[in-house]
Amino acid sequence: MHPQPTPPSLQPSALQKFINERRDKWVVISRKIEGQGHVWVAINDQVPRVGPVPVPLARRSKRSFDCEVLQDNDWTLNSDHWDSKQPYRAYIPLAPKTPDFPAGHWVSAAWALGWDWGTRCPDGWRLTSEIYSNILETRKNVETLISAITATYYYSQPTPPLLYLPWLESSFSSEEELAAALGEARRRILDQYGFITYHLARDLQWRSRQHLILFITRLECTDLVECSYRGAIIGPAHINFQEIYSLLEDGVPIHYQWRPTVDVGPLDPSILRAEDYDSILRARGQALQQQQQQKKSHSYRSGVPSPPSQRFSSSPPSQRLSSNFTYAPQGVQKIDSMLGDLSELIAGPPTFLNNVIFPDTWPQPAATGTLVASFRAGVRIARDLLLNPAASPADSIPFLLQSGAEYRVFTPPGESTLNPGPSPLYLNTRHTHAGINLKTREYWSKYERNVNTLLERPYARRFLTMGGILWRLALQFGPSTIITHALSGPSSDTTVWRQGDVSQGGGWDDSVTMADIGILIGQSPDRAGSCWPPHDVWVTSSRWKGFWSEYNELWFQSQLANLSSANLEAPKNRKEWKQFFHPKLTTAGVRPSIPGSEVFSRQLLGQLGYNVHQEPR
């Protein structure tokens, strides 16, 4: 007896067959938000999206810089709508950042205002010489690679627009305008990166192609080989089988909304056996809690933090400071007299911090590494060395850490190889965050949950060395071990997974993203408002002298009380924060050199005879 043929209406589609064969090889996660009639589904990504679908490409009209991000996420590493005319945009590498091509780090660095990329001059804002050179070198590199790609795949998609830089030597009236121009350049570079990785992903034999053989090393150094992709947002009912097949076969993350009461088809998350995102978070939180408890039991010895290793040079002090920070004959009285009342801030650590306990004794750092400090922190280091010429700059670190000063230590990479297993979920999602609704009284409980989760991550130790408001928030909400971890050198996120920053000398340190900072200061979904002042507003404020003061603590406790009572007036928008914290400008429009500012500290170090052409090292 021959089997009866399946009726045409019941025959599985090509997409259904493909999913049935491959679904066990994919990571599929769904996310349901209370009050929403849909779920977000992510395939080959660790975190599903939240909120409404972004504005489609054809309906976008704004690309202006507003509240720290460009409108519509047009230049970011966030997933965007699938566009069959520009398929390469789904293949934009997630974090093109490698020590082998440091000039390209600006493309994936944590985004900020023009203050981080430019310098204030009488006619406005201009790029710094370093970022100016890096942009030109990045363009030259990517144009070389694009030429090789188009010569190899001449029949393929039209190439993305080239990066034109007529504005590179121009001045801008505001830091926002400068950052907008840089953001557009970044978007162009990312599109070209995506064009390159799109072709490499679809050709398993690309290393043997005539026009690409000479550029294999360059492609690897630019981090465009075997990288993670930005991904695409699709409409399950509108994308054809060949397109979704190619995306999934190439490992491109896919996001889509699914309405359980309306939608049907093979992309049903129940058919795909999707894991629930909240369940994953709960399991991860339990694992992190156990990990922190294990670390805590090994990090203390008779109540004293175990000494950090592989960090500082054991050469004579004058060499440890490097050529940028040599001994000067002027004394401590010169520093104290120029600082005036501010000299008390750098004379000793603060004694007015509520519920913050530092170790009674500090370990003596040893081994190798490079200490990089702000000019304000450099004044304290200079003072310490004038008091004790035989000391090391590393001896000043305990005070810097206790006082909220800005510094960091770049450590040479160890001999260990990368972990062959999958990286932690949070490392793949740390460039985005949903924000919290600051217009409802539930904002504070959501903020505390988000921040507690963030500060449990190993790389969060970096917040303590960024100083200022980020330092104080990390002390307030971080685990009890965060101080020890700040002293213990780069975390596993950097030493194992290579997710940190790299210095020009090849040293490593943990890094945080703009999304991480957004979580810590409690930003709203549109980034317009926040519970705490933005980091760049704080560090350029006339109220911040480089070290945490009693005035800073009084303000902090007042703001904390307002926020914890769910006061809807406590969060502020960026303009309000700037009005409260920023110094007044002079008639020439230049920030005044107020005592305790970076400008003032740089001038002070220069008068003491130090090289002030770059930050003290």
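The model is predicted, so local features need pLDDT of at least 70 and side-chain atom pairs count only at pLDDT 80 or more, while totals for chains, interfaces and linings use all residues. Residues are numbered from 1 along each chain as its sequence is written, and side-chain values use heavy atoms, leaving out hydrogens and water.

**Helix α17**
- Seven of the eight residues of α17 (residues 514–521) are buried, so the rest of the structure largely encloses this helix; buried means under 20% relative accessible area, exposed over 50% and partly exposed in between, with a 1.4 Å probe and protein chains only.
- Helices (H or I, at least four residues) and strands (E, at least two) are DSSP runs numbered from the N terminus.
- The buried residues of α17 pack against partners including α12 (443–455), α14 (468–477) and α18 (535–539), where contact means heavy atoms within 4.5 Å.
- Gly 522 follows α17 and has a positive phi, near 70°.

**Aromatic pairs**
- Rings of Phe, Tyr and Trp (its six-membered ring) pair if their centres lie within 6.5 Å; planes under 30 degrees apart count as stacked, over 60 as edge-to-face and the rest as tilted.
- This rule gives 23 aromatic pairs.
- Trp 538 and Trp 555 form a tilted pair, 5.8 Å centre to centre with 45° between the planes.
- That pair links helix α18, which holds Trp 538, to helix α19 (residues 550–564), which holds Trp 555.
- Trp 538 is buried at 2% relative accessibility, and Trp 555 is buried at 13%.
- Ring pairs join Trp 538 and Trp 555 into a cluster whose members also include Trp 471 and Phe 556.
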